[in-house]
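Let's take a friendly walk through one protein model, looking at rings, charges and strands. Have the structure open beside you as you read.

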Amino acid sequence: MIKMAVLGYGTVGSGVVEVIEKNKDEISIKANAELSIKYILDIRKFPGDPYEDKITSDFELILNDPEIQIICETMGGINPAYDFTKRALLSGKSVCTSNKELVADHGPELISIASEKKCNYLFEASVGGGIPIIRPLNYSLTAEKIDEITGILNGTTNFILSKMEKEGADFFEALKEAQASGYAEQNPAADIEGHDTCRKLAILSSLMTTKNVNYKEIYTEGIKRITKDDFAYANSLNQTIKLLAISKYDEDNNFYACVAPFMISKEHPLYFVNGTFNGIYVHGNMLGYSMYYGKGAGKLPTASAVVADVIDCARHLGKTVMCFWDKENITVAPFSKRSGQFFVRIIDTPENKEKAEELFPDMTLVSPMRDGEIAFITAHLTEASFAEKEKLLDGKIISRIRIAL
């Protein structure tokens with residue numbers, strides 16, 4: 001029997017307990033051992049809970065118990081999760097986590113400690129909830145040079161954008177519904193400003209490049225500026241708008257990464273990823289494209305991914321599962337050098353039209369969906385070049401959205 005502990009008895013932590021208890025027979029077969037939860041760490045009391053006798057507020061009790069071999073960290077945040085995780089790994093206990101913040105901030109260090117102590121630090125649930133993506137990058141696609149990952153990695157923002165597209169809701173209406181449905185926090189900044197997606201992209205990019213991608217170096221833009229009018233234009237162009245996380249190498253082997261709203265066409269597989277679902281589109285130089293799709297968040301999908309890591313740890317007691325993520329930082333190319341097209345809406349006046357034609361001589365006009373504005377698509381140009389032209393149109397631009405290739 002393998003005894004384990006769960007740190008944090010919130011949404012994901014209680015889901016982990018539920019998955020292990022409900023699927024105990026299947027898990028035991030696949031782990032080649034019976035798994036037993038001995039402790040659940042939480043500072044709160046849960047009177048009447050069926051696992052009340054396992055709940056403790058004393059981490060030292062867990063750390064110093066030689067029977068505990070695997071720990072699930074589902075607390076979230078950096079502190080005290082970082083301290084608890086590091087000390088557990090140093091004591092030779094494997095840790096499985098859903099904590100994207102901690103993985104993005106300290107992943108290389110914790111992976112290195114696990115390797116030294118012949119245990120494991122696994123984090124499948126930190127990206128894409130229940131979607132298998134970490135394990136494919138570490139195992140199934142190891143014969144590939146992965147040169148591009150494009151993903152919809154946040155269910156909250158995808159729910160909001162889907163509502164705006166399908167029902168004509170404005171941003172704040174869609175956000176309120178997301179909060180009422182439990183998909184968005186009362187303070188939704190991490191989601192709608194793109195920070196959650198950015199951390200997840202940093203994790204995927206680190207595994208893609210095998211070096212450390214600092215999330216602070218990833219250009220990040222949220223969805224607050226997107227309007228239902230933007231969707232009307234996108235629909236007229238047979239496109240939609242998604243918050244995309246993109247990391248890729250260009251032809252000169254420069255590495256770029258960004259998080260931003262993009263227009264994508266109906267031909268793009270991510271076009272059909274709606275609601276709270278996530279999708280991850282991976283390109284390898286031999287395989288070409290493969291796609292991973294499913295529930296990107298939620299109690300049981302995320303818990304299922306954590307428990308899959310627990311099974312992996314149970315199968316590899318005393319051994320370290322390979323993870324290709326070195327401490328060395330990769331150079332993220334300046335986002336200003338990225339090249340692409342932009343969809344632009346400006347206020348319709350003779351002066352504005354003349355200025356736009358002067359700045360974007362190769363633009364393609366789009367039939368206006370609203371009175372009093374001009375819409376167009378630019379030719380390919382760098383982010384730096386567009387930013388300069390945008391300044392010269394200061395106060396005249398209604399909106400601008402990048403177009404995915």
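Lys145 lies over the face of Tyr249, at 4.3 Å from the ring centre. Another lysine, Lys389, lies over the face of Phe360, at 5.7 Å from the ring centre. A charge counts as sitting over a ring if NZ of Lys or CZ of Arg is within 6 Å of the ring centre and within 35 degrees of the ring normal.

Before going on, a word about the model: it is predicted, so local features need pLDDT of at least 70 and side-chain atom pairs count only at pLDDT 80 or more, while totals for chains, interfaces and linings use all residues. Residues are numbered from 1 along each chain as its sequence is written, and side-chain values use heavy atoms, with hydrogens and water left out.

Now to the rings. How many aromatic pairs does a search of the whole structure find? There are 15. Rings of Phe, Tyr and Trp (its six-membered ring) pair if their centres lie within 6.5 Å; planes under 30 degrees apart count as stacked, over 60 as edge-to-face and the rest as tilted. Here are two of the pairs:

| Pair | Centre to centre | Angle between planes | Type |
|---|---|---|---|
| Tyr233 and Phe343 | 5.3 Å | 50 degrees | tilted |
| Phe360 and Phe376 | 5.4 Å | 45 degrees | tilted |

The Tyr233 and Phe343 pair links distant parts of the chain: Tyr233 belongs to helix α11 (residues 228-236) and Phe343 to strand β13 (residues 339-347), 110 residues apart. Helices (H or I, at least four residues) and strands (E, at least two) are DSSP runs, numbered from the N terminus. Both Tyr233 and Phe343 are buried, where buried means under 20% relative accessible area, exposed over 50% and partly exposed in between (1.4 Å probe, protein chains only).

In the other pair, Phe360 sits in the loop between α13 (350-359) and β14 (364-366), and Phe376 in strand β15 (residues 373-377), 16 residues apart. Phe360 has a relative accessible area of 5%, so this residue is buried. Phe376 is buried too, at 0%. Together with Phe342 and Phe386, Phe360 and Phe376 form one aromatic cluster.

Finally, look at strand β7 (residues 146-152), where seven of seven residues are buried. β7 pairs with strand β11 (residues 277-284) in the antiparallel sense over six bridges, and four bridges join β7 to strand β9 (residues 239-249), also antiparallel. Two strands pair if DSSP finds at least two bridges between them. Gly151 stands opposite Ile280 in β11 and opposite Ala245 in β9.
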